[in-house]
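Walk through this model one element at a time. Keep the structure open while you read.

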Amino acid sequence: MNRFNKIKVIFTFFLTILSFCAYSQSNVFKVTLDAGHGDHDFGAVYSGRIEKNIALAIVLKVGKILESTPNVNVIYTRKTDVFIDLVERANIANRANSNIFVSIHCNANKNTAADGTETYVMGLSKLASNLEAAKKENSVITLEKDYKRKYEGYDPNSPESMIGLTLMQEEYQDNSISLASKIEDNFEKLGKKLRQGGVKQAPFMVLHKAYMPRVLVETGFISNPTEGNILNSEDGQNDIAKAIAEAIISYKREYFGSGSNESIDARPVRDTTPVKAKVVETVAVAKNTPKGTFFKVQLIASIKKTPLEPKNFKGLKNVTMLYENNIYKYFYQETSDYTAAKKYLEEAKDKGYGAAFLVATKDGEKISIQDAIK
């Protein structure tokens, strides 16, 4: 390991420690919202629909909702039509010790029939469409002054450069996928208004530089006339903002506990406050809740009850189910060994559960992964 990489590793370690300390000293949940593009960087433009304006409008609406939520502090990378370097967007979140980073964009395609939302986490992908999306967003750095020096020679057109961006992605991958899944689940509830495209991976520069759970949301295709008009409308932006804000609040509750009176427009958000886990059905039900800290892989959450047979879970055995808040949650394996848990997570992903993530319990009560590891 050369001297530069050693310094980078040490810096990252201390940044992580400071982040944990900051949270332990405060109950405030910090969210950095990033509106893509700005000023001379218009992003995608189709028939008068401008990405930089739509992204900013949605971010401000998400922020307004979150600012009315107890114990949530919102940090913006931009609140006006200005240009912010990609690395500076991430650094704003890093300096604030934010708990999550959410970058909001609009998609576009020469094929104007393309539609649907997509929420990305940092990572490599074999899908050309995912890599093209990252290439398009990463190309923004060429609008920055002296970008080759600033980004250490990074070339947005080079596959090798994109591979290099995957450094440090694993540390926050599970939580990023959890947040992305919640956002896409809420988009699905919008029904015919927007088609849900799912959680995906791609090497986005702006995500790479943010040292916390982070996602990039493509809120839909402005190149699609129907979907683009929804994105460009006040009602459409309100629906999208509410879906994203609800997902962030749900994530906060699950991993950091809940504040009082957290709701949006007097409508209750699904409560995922840590409670005593009650197993409804398992492969082998234990008589007593085991004492200690355990990890499980959450495969899916559904309103539909599915028999716990390997054939229904792509061949995976030892699947259990928890019925909570009118939702069936399906889990794979259970172990007190975090290393083993990560291997089980990889097994689940290899079977096709790309949005699977780890959850932890202590003496039968859900706790955050961070607390479980500590």
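Strand β1 is mostly covered, with 6 of its 7 residues buried. Buried means under 20% relative accessible area; exposed means over 50%, and partly exposed lies in between, using a 1.4 Å probe and protein chains only. Strands here are DSSP runs of E with at least two residues, helices are runs of H or I with at least four residues, and both are numbered from the N terminus. This is a predicted model: local features need pLDDT of at least 70, side-chain atom pairs count only at pLDDT 80 or more, and totals for chains, interfaces and linings use all residues. Residues are numbered from 1 along each chain as its sequence is written, and side-chain values use heavy atoms, with hydrogens and water left out.

Start with the partners of β1. Strand β1 covers residues 29–35 and pairs with β4 in the parallel sense, over 5 bridges. Two strands count as paired if DSSP finds at least two bridges between them. F29 has V72 of β4 as its bridge partner. K30 has N73, also in β4. β1 pairs with β5 too, again in the parallel sense and over 5 bridges. There, L33 stands opposite V102 of β5. Strands of a sheet pair through backbone hydrogen bonds, either parallel or antiparallel.

Now widen the view. The open sheet has 6 strands in the order β4-β1-β5-β8-β6-β7, with mixed pairing. Its edge strands are β4 (72–76) and β7 (196–202), each of which pairs on one side only. Neighbouring strands of this sheet are turned by 25° against each other on average, direction ignored. Helix α7 (residues 173–188) packs on the sheet and touches β5 (100–107), β6 (117–122), β7 and β8 (214–221). The direction of α7 makes about 175° with that of β6. Axes are lines fitted to C-alpha atoms, for helices over the stretch in contact, and angles run from 0 to 180 degrees between N-to-C directions. Contact means heavy atoms within 4.5 Å.

What does α7 meet in α11? Q173, D174 and I177 of α7 meet Y338, L345 and K349 of α11. The axes of α7 and helix α11 (residues 338–350) come within 12 Å and cross at roughly 45°. The two helices are therefore oblique to each other. Angles under 35 degrees count as roughly parallel, over 145 as roughly antiparallel, 65 to 115 as roughly perpendicular, and the rest as oblique. The crossing of α7 and α11 is left-handed. That term applies if the near helix is turned anticlockwise from the far one by less than a right angle; clockwise makes it right-handed.

Helix α3 (residues 86–95) is mostly covered, with 7 of its 10 residues buried. They are L86, V87, R89, A90, I92, A93 and N94. Just after α3, N97 takes a positive phi of about 55°.

Which other residues have a positive phi? K314 has a phi near 55°, a positive value in a residue other than glycine. K314 sits in the loop between β12 and β13 (319–324). With 43% relative accessibility, K314 is partly exposed. D363 also has a positive phi near 55°, and is likewise not a glycine. Its place is the loop between β15 (357–362) and β16 (365–367). D363 is partly exposed at a relative accessible area of 26%. Most residues other than glycine have a negative phi.

Next, I300. This residue is found in strand β12 (residues 293–302). I300 is partly exposed, at 33% relative accessible area. Leaving out residues up to four places away in sequence, I300 touches Y328, K329, Y330 and Y353. I300 and F331 are 31 residues apart in sequence, yet 7.6 Å apart in space, C-alpha to C-alpha.

Finally, the whole chain. The secondary structure comes to 12 helices and 16 strands. Of the 374 residues, 52% count as buried. Among contacts between residues at least 6 apart in sequence, 76% join residues at least 24 apart.

How confident is the predictor? Mean pLDDT, the predictor's confidence in each residue from 0 to 100, is 76 for the chain, and 68% of the residues reach 70 or more. Over residues 147–151 pLDDT stays under 50, and the model has 14 contacts for them beyond four places in sequence. Residues 159–170 are also below 50, with 29 contacts beyond near neighbours in sequence. Where pLDDT is low, the predicted coordinates should not be read in detail.
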